[in-house]
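User: Hi! I've got a structure to go through and I'm new to this. Can you walk me through it?

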Amino acid sequence: MATRRSPYPYWFVLPAAVVFVTLFLVPTIASLWFSLTRWDLLRAEFIGWDNYRQFFKEPFLVQGLVNTLIYAVVTSGVKSVLGLLLAVLLTSGIWFQGFLRSVVFFPVLVSTIGVGITFAALMHPTKGVINLGLGSLGIDGPAWLSDPAIALYSVAMIDIWKGVGLATLIYIAGLAAISPEYYEASRIDGATRLQQFWRVTVPLVRPATVTVVTLSLIGGLRSFDIIWATTRGGPGFASDVLASVIYKQYQAGFYGLATAGNVILFLLIAIIVLPLTWWFNTREVDL
Amino acid sequence: MKTIRHSAALAGAIILAAGLAEAEVTLSVLIDNNPETISSMEAVTAAYTAANPDVTFDIEQRTGGAEGDNIVKTRLATGEMADIFNYNSGSLFQALKPEETMADLTGIAGQANVLDSFKQVVTANDGTVRGVPFGPAMGGGIFYNRKIYAELGLSVPKTWDEFMANNAKVAEAGKVPVITTFGDTWTSQLFVLADYFNVQAEVPTFAADYTANKAKYATTPAAMRGFEYLEAVFKANYMNEDFGVAKFEDGMRMVATGEGAHYPMLTFGIGTVKQNYPDNLADLGFFAQPGPDAAKNGLTVWMPAALYVPAASPNQEEAIKFLDFVASVEGCNTMIGASGASGPYLIKGCELPADVPPAVTDMLPYFQTDGMTAPALEFLSPVKGPALEQITVEVGSGIRPAAEAAALYDQDVEKQAKQLGLPNW
Amino acid sequence: MSLRRTAARRRNIGLVALLVATVVFILPFVFILLMAVKTKQEASRFLFTWPEQWQPWQNLVDVVQTRNYMLLLAYFNSTVITVGAVTLLVIFGAMVGYVLQRRPSGWNKVIYACVLVGLMVPPAVVPTIWVLQGLGLFKTIHGMILIQVAYGLAFAVLLYRSFIGTIPRALDEAAIIDGAKPLQVFFKVILPLLKPVTVTLIVVQSIAIFNDFTNPLYYLPGKENVTVQLTLFNFQSQFQSQYNLLFMNILLVTIPPLLVFIFFNRQIVAGMTTGGVKG
């Protein structure tokens, strides 16, 4: 028989490949070069490691780096834990379960800028509803978005509010995949509900955990929209993260420096996420 | 009958054709969101459209401060700028590379009306004039509330210590001593920038040395004082409760209505009060930022912002005609009519009206005496870093000590100087 | 545990959960609604009060008319970008997922690596602008569509590849025996069967692209190119003391995804779970 041409031709991949390579791979590789230059889009003057040196020398650039790590860990951590707890709650058969699932998920779908503006108004130190509510309980609410000590965490809270619904959803799916037999067996063995949670639920929901942690970590490291919509990185530099630092350098016309920031962000994600994924995949689950 | 109808039709056609021959143009305008800027621009564009009905305007507002600066820079770089835009003159103007990005306005008729002192600050490196003045000259100092001063028997301070003493009395009386509005980060720079008169009184060569990378904020005690003042006000707890989120308009409201006693600001704030709180205009006073020496007390002066036309504008001709009007005495009077005069205008023959607000009357003596004004640093040196207002917010919020902040700012300007390609950096 | 106690627990916990969820998740939206219908003076006080004066229609008209009906242009642009990008993502993503799953070869590793890179690596923004400028695509709507496709391909390919595994090869072979060419096999046999995951992808990506702020911010400057999110962001300056208009704008911007959510609620949940957990 003559050689058959495959019904799954390679050229099917071509359109996607062209778009992906030109608009994603090429810029990513080019960024490695441009980060070593002083660039104004027309001329690129090679300056070696100067941009990187600047990034690690200027306190506010370093702070952006540190803030990025804090922000990612906090949002990812809380979303994972809270998401799982909410998922357990929303699969336990309580009243209004279906409605509550939708309510928790809805913030995921709405405009980030809209969320930012709304919470900036809600978090106003004297006029905002949150502090007025706290005030009626006798608590003096802090300046959520303008107190440098807590600004970053306030923004993280908004991020968590917006994103926890997605984590919950993924966990709900993960929980549904656990066969009830395991719970039966553990109950026969006399396990309490808490023990069931730790010994059965948590280990068996691991695929969902991996997904949630990885996605929220990457998202947290790259986060920009909410920060920009609420504090623009302020007060001072207190809530600046890498993405907002990159944007500010871009706006100021320091294109080489902005690109260096991009490379640092990429390295950061790679350094954190790859080992984590590997670690997740190598851990055995003993049943 | 037929002939009449035909003639009428013909006449109608001719009129229609004539109307179409004058193409309708809509000029896009990008201005900052300052109330005085907005009212001036609306007035002057309305007047122009009244005289030239086929030219209409589409006005867009942008934020001020560093973010606004960056919006302007980015839009110019990406060719997305409006036909007309307002922006600072002086070193900020230089940073936009005007020889490359803006239309040449040297030859227009209106330039004959513009005072030479202004032309200097909108002249590009190749000697061409690229802007026309938009608004009055401004002083940078401190607004104060006359009523509070009268009540507490305070007098205008001539030294910083006197100022702080006044603040202490105001605090005791339960009012806000120094109104702070970090919600608009650019307002945090005033203590540093408005102090320049005092700096150059002590160190006359600072501007030149600074540009040549020989003098620094961190190593020049006179220059560091501005940062120290911010720190002092924070430490003494003289600010309003919502200082982190309050905005410029809140600030002007508070000082005019007497919620607070002092508000460090540029004098264009008078226009805001005139528009929004005209009944309190008489209570608004102004004095220059006091330094260490009562004998050497003078006003740091800002040339007004200017209107520019980007080189890439498709409606350059029409836009330039409009700028011609802005630079005329009629244009100037239109602006004064709408926003009031919050300072002297830079157009020859454009006089201040007789009934200027008291704050302006406070300001004029500085202009009338020799040696009592000095241009702000940004008009003497092209070196200004983009992160200053964030650094000053840090100092004013107690995040960073003054000495560190000054050193940080020195580092920040390095980036700008190198990007501009200045020698010696 | 007795059945009655369990039932009581379910009811009580449910009620508490409902109360907490209402305060935490629903109240902010109520706030948006209240602010959006108030007058300028009332809105500037930021209070969670019932409006003394209602002017929803007036606010709506004011917002839509701002800057020459810019919001309408923004809606148009955002819709064009979303529809264009999602269409291409479905077709391209399915094509790649199909070949990836059906034809084991050395290239598969490369494609997998690209998918991983596409999911993880943050786009290098300034070099991308430089590439776009070189191709004449900067500041164009079609450029933006291609960017969204490039950024969304990894997820689309992942989703499709995992789902195509459930379509038996027998169907392809039957069509090939009948003389169908590869393209026909793909479009006539496979693609229709991919409907569930296609719907999921459409819903998820539409919402993501419609809500995207950062990418148009960098790649689509310009008045003619405004998207809905950019308009909302810029109007913060335009409406600086008119909070009622700003919040009416927020309301108008959040409504399309809300509608999509209400219509496709079940599909979103189903799709997210299969894609998320198996992927």
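This is a predicted model: local features need pLDDT of at least 70, side-chain atom pairs count only at pLDDT 80 or more; totals for chains, interfaces and linings use all residues.

User: OK, is B:Asn237 buried or exposed?

Analyst: B:Asn237 is exposed, and its relative accessible area is 63%. Look for B:Asn237 in the loop between α12 (221-235) and α13 (248-257) of chain B. Helices here (H or I, at least four residues) and strands (E, at least two) are DSSP runs, numbered from the N terminus.

User: What is the phi of B:Asn237?

Analyst: The phi of B:Asn237 is near 60°, which is positive although the residue is not a glycine. Most residues other than glycine have a negative phi.

User: And what about the phi of B:Lys97?

Analyst: B:Lys97 is not a glycine, yet its phi is positive, about 55°. B:Lys97 belongs to the loop between α4 (91-95) and α5 (98-101) of chain B. With 34% relative accessibility, B:Lys97 counts as partly exposed.

User: Switching to chain A. How many helices and strands does it have?

Analyst: Chain A has 13 helices and 2 strands. Its C-alpha atoms fill a box of roughly 85 × 70 × 30 Å along the principal axes. Of its 287 residues, 57% count as buried.

User: How many residues of chain A are in contact with chain B?

Analyst: Chain A brings 29 residues into contact with 27 residues of chain B, where contact means heavy atoms within 4.5 Å. The buried area between chain A and chain B is about 2400 Å², with 56% from carbon and sulfur atoms. A:Phe237, A:Gln251 and A:Phe254 supply 24% of the area that chain A buries against chain B, more than any other three residues. Buried area is the accessible area (1.4 Å probe) that two parts lose on being put together, summed over both.

User: How many salt bridges are there between chain A and chain B?

Analyst: The count there is 0; a salt bridge needs a side-chain nitrogen of Lys or Arg within 4 Å of a carboxyl oxygen of Asp or Glu. Chain A and chain B do have 2 residue pairs in polar contact, both at pLDDT 80 or more. That term means a pair of N or O atoms within 3.5 Å; within protein, one must be able to donate a hydrogen and the other to accept it, and residues adjacent in sequence count only if both atoms are side-chain atoms.

User: Which element gives the most to the side of chain A that touches chain B?

Analyst: α12(A) does, with 4 residues.

User: How much area do chain C and chain A bury between them?

Analyst: About 7800 Å², and 80% of that is on carbon and sulfur atoms. The contact takes 86 residues from chain C and 83 residues from chain A. Between chain C and chain A there are 0 salt bridges, and 8 residue pairs are in polar contact, both residues at pLDDT 80 or more.

Methods:
Residues are numbered from 1 along each chain as its sequence is written. Chains are lettered from A and ligands numbered from 1 in the order in which they are written. Side-chain values use heavy atoms; hydrogens and water are left out. Buried means under 20% relative accessible area, exposed over 50%, partly exposed in between (1.4 Å probe, protein chains only).
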